[in-house]
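Here's a quick tour for anyone meeting this structure for the first time. Have a look at the sequence and the model, then read on.

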Amino acid sequence: MNNESAVLDFRNILENQPDVSAAVAALTVLLDFVIKDTSETIQELDSNIKSVVEALNCVDCSVTSVKSACELFMRFITLTSLDHSDFKECKRVLSQRGKLFLERVSGARMKIAKLGHTFIVDGMKVLIHSHSKVIYQTLLEAYSAKKRFHVYVTESAPDFSG
């Protein structure tokens with residue numbers, strides 16, 4: 001897998017799975033990249049992943065969440081390489097940790113929404129800047145709990161995602 005196919009996979013996930021966040025899509029692509037990568041050393045793998053991360057950070061989407069997800073993923077590599085001297089074992093552990101991390105991140109939105117909606121009370125006015133799937137889910141949870149509230153969404157430039 002090269003940078004172009006990683007970016008294409010990333011865009012396909014975002015287009016075909018609208019509930020998936022940009023961060024989860026980036027993690028999915030990075031994990032898939034690690035599994036398919038043919039590097040023979042941790043330094044080569046690290047360099048290849050950094051190249052894919054740079055490509056993903058250039059895609060027109062939520063840059064902050066993608067960058068944060070990629071940075072967290074890169075820390076897995078650093079930690080894994082310190083734990084294992086054998087590269088194949090290191091790569092296996094990295095893939096295993098990556099899958100676990102992806103599972104946890106994928107389920108985080110609902111957990112946050114279930115906890116977060118308790119902060120919304122009847123009659124509240126909620127001000128939101130831009131668009132967030134986590135906030136949207138939290139508002140849906142509050143609505144499902146029969147809470148009455150008003151939401152104001154500001155317009156965010158330059159992408160007008162509000």
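Accessible areas come from the Shrake-Rupley method with a 1.4 Å probe, and for residues only the protein chains shown count as cover. On that basis, the protein has an accessible surface of about 10300 Å², and 56% of this belongs to carbon and sulfur atoms. Bear in mind that this is a predicted model: local features need pLDDT of at least 70, side-chain atom pairs count only at pLDDT 80 or more, and totals for chains, interfaces and linings use all residues. Residues are numbered from 1 along each chain as its sequence is written, and side-chain values use heavy atoms, with hydrogens and water left out.

**Overall layout**

- The protein has 6 helices and 2 strands; helices (H or I, at least four residues) and strands (E, at least two) are DSSP runs, numbered from the N terminus.
- Going from the N terminus, the order of elements is α-α-α-α-α-β-α-β.
- Of the 162 residues, 37% count as buried, where buried means under 20% relative accessible area, exposed over 50%, and partly exposed in between (1.4 Å probe, protein chains only).
- Take the contacts (heavy atoms within 4.5 Å) between residues at least 6 apart in sequence: 65% of them join residues at least 24 apart.

**Helix H1**

- H1 covers residues 3–16, and its 14 residues should span 20 Å at 1.5 Å a residue; the expected span is 1.5 Å times one less than the number of residues. Its end C-alpha atoms are 20 Å apart, which agrees.
- Ala6, Val7, Phe10 and Ile13 are buried in H1. They cover an arc of only 120 degrees around the axis, so they sit on the same side of H1; the arc is that of the directions from the helix axis to the C-beta atoms.
- An α-helix has 3.6 residues a turn, so residues three or four places apart point the same way.
- Glu4, Glu15 and Asn16 are exposed, on the face of H1 turned away from its buried side.
- At the start of H1, a side-chain oxygen of Asn2 comes to within 3.2 Å of the backbone nitrogen of Glu4.

**Cysteines**

- The structure holds 0 disulfides, a disulfide being a pair of cysteine sulfur atoms within 2.5 Å.
- Cys58 is exposed, with a relative accessible area of 67%, whereas Cys70 is buried, at 1%.

**Asp60**

- Asp60 lies in the loop between helix H3 (42–57) and helix H4 (63–83), and is exposed, with a relative accessible area of 76%.
- Asp60 and Arg11 are 49 residues apart along the chain, with their C-alpha atoms separated by 9.5 Å.

Note on methods
Polar contact = N/O pair within 3.5 Å; in protein donor to acceptor, adjacent residues only side chain to side chain.
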